[in-house]
Amino acid sequence: MRPAALLAILIGFPILLSGQSPSALRVTVTLPDEAQKPTPVSRHALLISDNPSTTVPRRVLTGADGAVSIQLLPGSYTVESDRPVMLAGKSYEWTQMIEVVAGRDATLALTADNASIAPATAANAPAATDALNSDPAFLPGKWRDSVMAVWSPTSRATGFLFDAQGLIATHGLAAANGTTVAVQVSPALKVPASVLFSDRARDIAIVWVHPSVIAGRPSIPVGCPPSPAAALVEGQELTTMTAPFGRPVDSESGEVTGFATRAVETNLRLGFGGDGGPVFNAAGAIVGLTSLAPEGDRSHSPDVTVIRAGILCEAITAARESLSESKPPEPNKLPIEPPQGSSVRELENTQGLAAPPVVSSADFDVAFITPAAIQQARQRGDRTGGRSSRSPEAAARLGLLTDFGPWSAYFAETPAVIVIRVTPKLVEGFWKRLAREAARTQGAVLPPFKDFKTSFVRMRASCGSAEVVPIQPFVLEHRVSATRVIREGLYVFDPAAFGPKCSRVTLSLYAENSPEKADTVTIDAALLGGHSQ
């Protein structure tokens, strides 16, 4: 065998020879819905092989739009379904040949017109007879408008609409505190939501938006009590809808891998903010919603579990019982992030961008952080070669600008926003200072025994009497002992919110030791991207 042919087999397709350049093959897969409207078939597995075949076919999946693109060298290829698609009692699959020409992209549309169609049977269904009339491939097209993001100060999650009154199910950490919850209905629309029910132990919550903001969006039906078909068994195929941060609503597939206390284990993998979405079986019926595994650090654990449909039904029942006693929040539009290309005026200070301006109140240190400061701090951190080579002061300065805990994914692309970081002060208590002084009289010189003075609760920014609403009122939680958690504020603002009429900004800071009494500081609006008069 020639070396080139052997290498082609090893890498999976013909290798790039002299004078050859790859072209793009774009494949779309659509089928007509009940109204005969073309509907994308998402996550449909296609096998692409060269003719004559030199190796195993390459397997690719269509996206939420029913399309996939692949780079191929000139030649003849066969595109075929890995398994059939089920729709309305029929089975659809494709086997098509296409010629890829050098220097020219190719397209292939797989539709009902060129499909092999047969009655759906248990033999050609992907899983037992419950999948004969539907297929998870159609879930994104059917329920995309029913799945949305849920924001709280400590968590970003997926939620799904299950009631036209504006009821949305999500995971419990997204709404555990219930103080400030928002639902991102679309990239351009974010509205407040009230928490009707939250069970942190079971990690499930029901939030309520004004019905007007979800008018026209379909509600995902949840059968309560769950039918026997909603039971989960090991090896069962699952599909979840997800609204991951920074990406459109999509679906992910996996299977049940095991069972633990209060948890159904899966091999699903979700992006940041993707958990809390609905989980469907092969027949398209709700069997629960996704949750990150309770063990370990939720911000890093890749393990996804399923909260069973029975628990979801209990939460729905409890939430509906409280509907008559309350009203949904007004459908006020909340601020959203400015476009990534927006210009943010760099703030100047004598210490350089990597040391942001800091002011102090009685209980807190308040830092004002720009995108430029974050970028420069990251570059400086790379140059200094790691934490072990930095002084404690340098590490603290860089941490202020580069360590955002569970919100790191939000700041990964350096959004065009201004961040106000509110950090509780460290102080030395009376008895610790007394003990240190006693030790000093015996010849022992000890450093101060400092502890956090208090913990952050909330912040209000205002220009005169007008409140400036943040885009995100994030909170960072730091566990400092088995029984104590210290919180920092990480409030995100659009620089344009502090406009020409705002010369001075008042920050009202509320602490855990006096939650109703404000600790105030007044600053020049220029620190927040505003314009001094």
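Phe 456 and Tyr 491 are both buried, and in this predicted model their rings form an edge-to-face pair, because the planes stand at 85°, over the 60 degrees that this class requires, with the centres 5.8 Å apart. The pair joins distant parts of the chain, since Phe 456 lies in strand E29 (residues 456–463) and Tyr 491 in strand E32 (residues 485–493), 35 residues apart.

A search of the whole structure finds 15 aromatic pairs. Another of them is formed by Tyr 410 and Phe 411, whose ring planes meet at 75° with the centres 5.0 Å apart, so this pair too is edge-to-face. Tyr 410 has a relative accessibility of 3% and therefore counts as buried, and Phe 411, at 1%, likewise counts as buried.

| Ring pair | Centre distance | Angle between planes | Class |
|---|---|---|---|
| Tyr 410 and Phe 411 | 5.0 Å | 75° | edge-to-face |
| Phe 456 and Tyr 491 | 5.8 Å | 85° | edge-to-face |

Strand E32 also takes part in an open sheet of five strands, which has the order E24-E25-E26-E32-E31 and antiparallel pairing. Strand E24 (358–360) and strand E31 (472–479) stand at the edges with a single partner strand each, so that one side of each is left without a neighbour in the sheet. Direction ignored, neighbouring strands of this sheet are turned by 20° against each other on average. At one end of the order, E24 pairs with strand E25 (residues 364–369) in the antiparallel sense over three bridges, and Ser 360 stands opposite Asp 365 in E25.

Elsewhere in the chain, helix H3 (residues 309–321) has 13 residues and reaches 18 Å from its first C-alpha to its last, close to the 18 Å expected at 1.5 Å a residue. Its buried residues are Ala 309, Ile 311, Leu 312, Cys 313, Ala 315, Ile 316 and Ala 319, and they pack against several strands, including E13 (156–163), E16 (189–199) and E23 (304–308).

The largest nonpolar core has 27 residues, and those with the most contacts inside it are Phe 160, Phe 162, Ile 206, Val 222 and Leu 312. Two or more residues of this core come from each of helix H2 (139–143), E13, E14, E17, E22 and H3, and H3 gives the most, with six residues. A second, separate core of 26 residues includes Ile 48, Ile 70, Ile 98 and Ala 106.

Technical notes: Residues numbered from 1 in each chain as written. Predicted model: local features only at pLDDT ≥ 70, side-chain atom pairs only at ≥ 80, totals over all residues. Heavy atoms only, no water. Helix = DSSP H or I, 4+ residues; strand = E, 2+ residues; numbered from the N terminus. Expected span 1.5 Å × (residues − 1). Buried < 20%, exposed > 50% of the residue type's maximum accessible area, 1.4 Å probe, protein only. Contact = heavy atoms within 4.5 Å. Core = buried A, V, L, I, M, F, W, Y, C linked by side-chain atoms within 4.5 Å. Pairing = 2+ DSSP bridges. Axes fitted to C-alpha atoms, helices over the stretch in contact; angles between N-to-C directions. Phe/Tyr/Trp six-rings, centres within 6.5 Å; stacked < 30°, edge-to-face > 60°.
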